[in-house]
Amino acid sequence: DGVSRGTAPAGSRALAAVESATVAEQVEQMLLVSDNYLAEALARSAAKASGREADFSGATETVAAEIAGLGVDTAGMSLADVSGLAAENSVTPRQLEHTVRTVLTTDDDGLRAVARGLPVAGLSGTLQSRYGDEAAAGLVRAKTGTLRTVTALSGYVTDADGRLLSFALVARG
């Protein structure tokens, strides 16, 4: 006769349960494999949690506000989406590097998940097949970004003197 909602009788037991990965685990997975759909979904969830609409506009406004809240100068930043696929997106290498540096130096464990989630050169994710035979293998952690006219790499490495260095490289055209 159809489906209806109700309350289980007292003493009933659960037939099934599902638990999602934590947000930190989802962020790590998104960064590791460069999952554009997950990036957009996470940003829309963040938008909704911040009181904005869970759409492109709300997601981009939320991300821009959060980045600015980290102390990154967002002047000139243009976000049409948060997956990074829109040709209208424009983020400077300085903005990318400052964001990486901030997640490396913060006490916020949620933000540190970003640093932990970056692929490792020659070992994991989008860097698994890159830099494997070079000195960077196992040392560089970075996020790739590749579109038709733009290629980017942002991340960090520890140098021979033990200093933690953050970087961002962007090639256009």
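**Close-up views of a predicted model**

At 10% relative accessibility, glutamate 40 counts as buried. The model shown in these views is predicted.

**View 1. Salt bridge between arginine 44 and glutamate 40 in helix H2.** Glutamate 40, the buried partner, pairs with arginine 44 in a salt bridge whose closest N and O atoms are 3.6 Å apart. Both residues belong to helix H2, which covers residues 36-49. Because they are four residues apart in H2, about one helical turn separates them. Arginine 44 has a relative accessible area of 26% and is therefore partly exposed. Side chains of opposite charge can pair when their charged atoms come close.

**View 2. Further salt bridges of the model.** The search of the whole structure gives six salt bridges. One of them links the side chains of arginine 52 and glutamate 61, with 3.7 Å from N to O. Arginine 52 is partly exposed, at a relative accessible area of 30%, and glutamate 61 is likewise partly exposed, at 40%. In another salt bridge, the side chains of aspartate 159 and arginine 163 meet at 2.6 Å, N to O. The relative accessibility of aspartate 159 is 19%, so this residue counts as buried; the cut-off for buried is under 20%.

**View 3. Serine 34 in the loop between helices H1 and H2.** Helix H1 spans residues 23-33, and serine 34 is found in the loop that lies between H1 and H2. The phi angle of serine 34 is positive, about 55 degrees, although the residue is not a glycine. With a relative accessibility of 22%, serine 34 counts as partly exposed.

**View 4. Packing of helix H1 with helix H2.** The axes of H1 and H2 are 9 Å apart, and the two helices pack at an angle of about 145 degrees. Their crossing is left-handed. On the H1 side, the residues in contact are Val23, Gln26, Val27 and Met30, which meet Leu38, Ala39 and Leu42 of H2. By class, this contact of H1 with H2 holds six nonpolar residues, one polar residue and no charged residues.

**View 5. Threonine 106 in the loop between helices H4 and H5.** Threonine 106 is found between H4, residues 93-105, and H5, residues 109-117. Its relative accessibility is 18%, so threonine 106 counts as buried. A polar atom of the threonine 106 side chain lies 3.0 Å from the backbone nitrogen of aspartate 108. Leaving aside residues up to four places away in sequence, threonine 106 touches Leu111 and Arg112.

**View 6. Packing of helix H4 with helix H5.** H4 and H5 pack with their axes 7 Å apart, at an angle of about 115 degrees. The crossing of H4 and H5 is left-handed. From H4, Val103, Leu104 and Thr105 meet Leu111, Arg112, Val114 and Ala115 of H5. The residues of this contact divide into five nonpolar, one polar and one charged.

Notes: Residues are numbered from 1 along each chain as its sequence is written. This is a predicted model: local features need pLDDT of at least 70, side-chain atom pairs count only at pLDDT 80 or more; totals for chains, interfaces and linings use all residues. Side-chain values use heavy atoms; hydrogens and water are left out. Buried means under 20% relative accessible area, exposed over 50%, partly exposed in between (1.4 Å probe, protein chains only). A polar contact is a pair of N or O atoms within 3.5 Å; within protein, one must be able to donate a hydrogen and the other to accept it, and residues adjacent in sequence count only if both atoms are side-chain atoms. Contact means heavy atoms within 4.5 Å. A salt bridge is a side-chain nitrogen of Lys or Arg within 4 Å of a carboxyl oxygen of Asp or Glu. Axes are lines fitted to C-alpha atoms, for helices over the stretch in contact, and angles run from 0 to 180 degrees between N-to-C directions. A crossing is left-handed if the near helix is turned anticlockwise from the far one by less than a right angle, and right-handed if clockwise. Ala, Val, Leu, Ile, Met, Phe, Trp, Tyr, Cys and Pro count as nonpolar, Asp, Glu, Lys and Arg as charged, and the others, Gly among them, as polar.
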